[in-house]
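Please open the structure in your viewer and keep the selection tool at hand. The stops below are meant to be visited in order.

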Amino acid sequence: MISTAGKLTKAAALAVLLPLAAFAQQHSKAEMRRLIDDNMRFAVWQYAVLKDSTPANRMPRTFQHGKSVTSNTEWWCSGFYPGTLWYLYEYTKDAQVKAEAERRLTILEKEKRYTGNHDIGFMIYCSFGNAYRITGDKKYKDVIDTAAVYQVTRYRPSIHAIQSWNKSSRLNCPVIIDNMMNLEQLLWVAQQGGDPKFRTIAETHANTTLKNHYRPDHSTFHIVDYDLNTGAILKKVNGQGAHDTSAWSRGQAWGLYGFTMMYRFTKNNVYLQHAQHIADFILRHPNLPADKIPYWDYNAPQIPTNRDASAGAIAASALLELGQYASKADRERYVDAAAVMLKALSSDAYRAKPGENGGFLLQHSVGHFLGNSEVDVPLTYADYYFVEGLLRYKKWYL
């Protein structure tokens, strides 16, 4: 249904995408139960292939040119594979899945003191957080508590935010929209009896992001670069977007998820209203395809171009949570849109065939298009948020 360049053909659009546009009005609880159960059974089988393709001291990263690509545990995505395994165990109670999740946490635990960038939340909370939530084993909580201590070492009072990346020849003190996702770890630790400053830092960072990252149309820049001494903004750029005034699709999804999560912990209506503004930007964008899986940038040149299944999976999961806090009319709109996304991702247009794709679930994600890095490939975070979205739908809407 999608070519090797990740572009939907005209025939595919007619055969698959147009029916998906009407899916929101047609899906039933029974259909969604079957869809979720089928995906979970497929995922367990497929992740056994992924396990066998990944050395015991490494983590899966992607699959391209017919070969598996793995990473060390310092790679920002290292927590997504064990995190997905814990989701699969939660659904299936498969002892082999749990054993593999535990093995991968063993090699990941040392990153609880990682300070190289902001991504310790992705690395630790998405993995050990799920492990603790499901098992209640205190050893997992201890890892998360430690990670939060090291995470806030990157907080910079002069800019009222956590510095995402270290200074480079191009950027002085960069903060990226992705950083919103890592605030969940700080909020959770504070909520569970940790230092209250973790919540204060998370809220301060979110407020700074809301003020400085967003444009009047509620799209976001990828990067805001600050003068660390004065706190002044030096520039706003789209490091991974098509250009500096474009809307990079995964960045929009990170923001939607992040501000929805902020409302969950704080019940601050400013965050809820902002999340709804972001949702409207996404769902009402004229360049959003009928199946609601976005192109890699909403303003990319030469549309149609590569889709980003990861952006669709993140947005679907976020919309399902946003529906928990919205009015009835908005809830229906968000949940229907998420259902369209999940069904699209479950179709042959995006989901891998059994035994293929290196063991990953989803095809056609985009890491960094302009850098020609991980373009039209599977990615661990696409799988993670796809599975999370399926489980959220089952928990909240079935």
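What follows is a tour of selections, each with a note on what is there.

This is a predicted model, in which local features need pLDDT of at least 70 and side-chain atom pairs count only at pLDDT 80 or more, while totals for chains, interfaces and linings use all residues. Residues are numbered from 1 along each chain as its sequence is written, and side-chain values use heavy atoms, with hydrogens and water left out.

**Aromatic pairs**

Begin with the aromatic side chains: the structure holds 26 aromatic pairs, a pair being rings of Phe, Tyr and Trp (its six-membered ring) whose centres lie within 6.5 Å, with planes under 30 degrees apart called stacked, over 60 edge-to-face and the rest tilted. Select Phe122 and Trp254, whose ring centres are 5.2 Å apart with the planes at 45°, so this pair is tilted. Phe122 belongs to helix H6 (residues 120–135) and Trp254 to helix H10, so the pair ties together parts that are 132 residues apart in sequence; helices here are DSSP runs of H or I of at least four residues, strands are E runs of at least two, and both are numbered from the N terminus. Phe122 is buried at 1% relative accessibility, and Trp254 is buried at 0%, where buried means under 20% relative accessible area, exposed over 50% and partly exposed in between (1.4 Å probe, protein chains only).

Next select Phe281 and Tyr298, an edge-to-face pair with 5.9 Å from centre to centre and 75° between the planes. Phe281 is in helix H11 and Tyr298 in the loop between H11 and H12, 17 residues apart, and both Phe281 and Tyr298 are buried.

**The loop between H11 and H12**

Stay with this loop and select Gln302, which lies between H11 and H12 and has a positive phi near 60° although it is a residue other than glycine. Gln302 is exposed, at 74% relative accessibility. Moving along to Pro304, in the loop between helix H11 (269–283) and helix H12 (309–325), you will find that the peptide bond from Ile303 to Pro304 is cis, with omega near 10°. As background, most residues other than glycine have a negative phi, and most peptide bonds are trans.

**Around Asn238**

Which loop holds Asn238? Asn238 is in the loop between strand S7 (233–237) and helix H10 (249–266), and it is buried at 5% relative accessibility. A polar atom of the Asn238 side chain lies 3.1 Å from the backbone oxygen of His243. Beyond its neighbours within four places in sequence, Asn238 is in contact (heavy atoms within 4.5 Å) with residues including Arg215, Phe221 and Trp248.

Now select Arg215 with Phe221: the charged end of Arg215 sits over the ring of Phe221, 4.0 Å from its centre, the criterion being NZ of Lys or CZ of Arg within 6 Å of the ring centre and within 35 degrees of the ring normal.

**Cysteines**

Finally, select the cysteines: a search of the whole structure finds zero disulfides, a disulfide being a pair of cysteine sulfur atoms within 2.5 Å. Cys77 is in no disulfide, and the nearest cysteine sulfur, that of Cys126, is 10 Å away. Cys77 is buried, with a relative accessible area of 5%, and Cys173 is buried as well, at 0%.

Methods:
A polar contact is a pair of N or O atoms within 3.5 Å; within protein, one must be able to donate a hydrogen and the other to accept it, and residues adjacent in sequence count only if both atoms are side-chain atoms.
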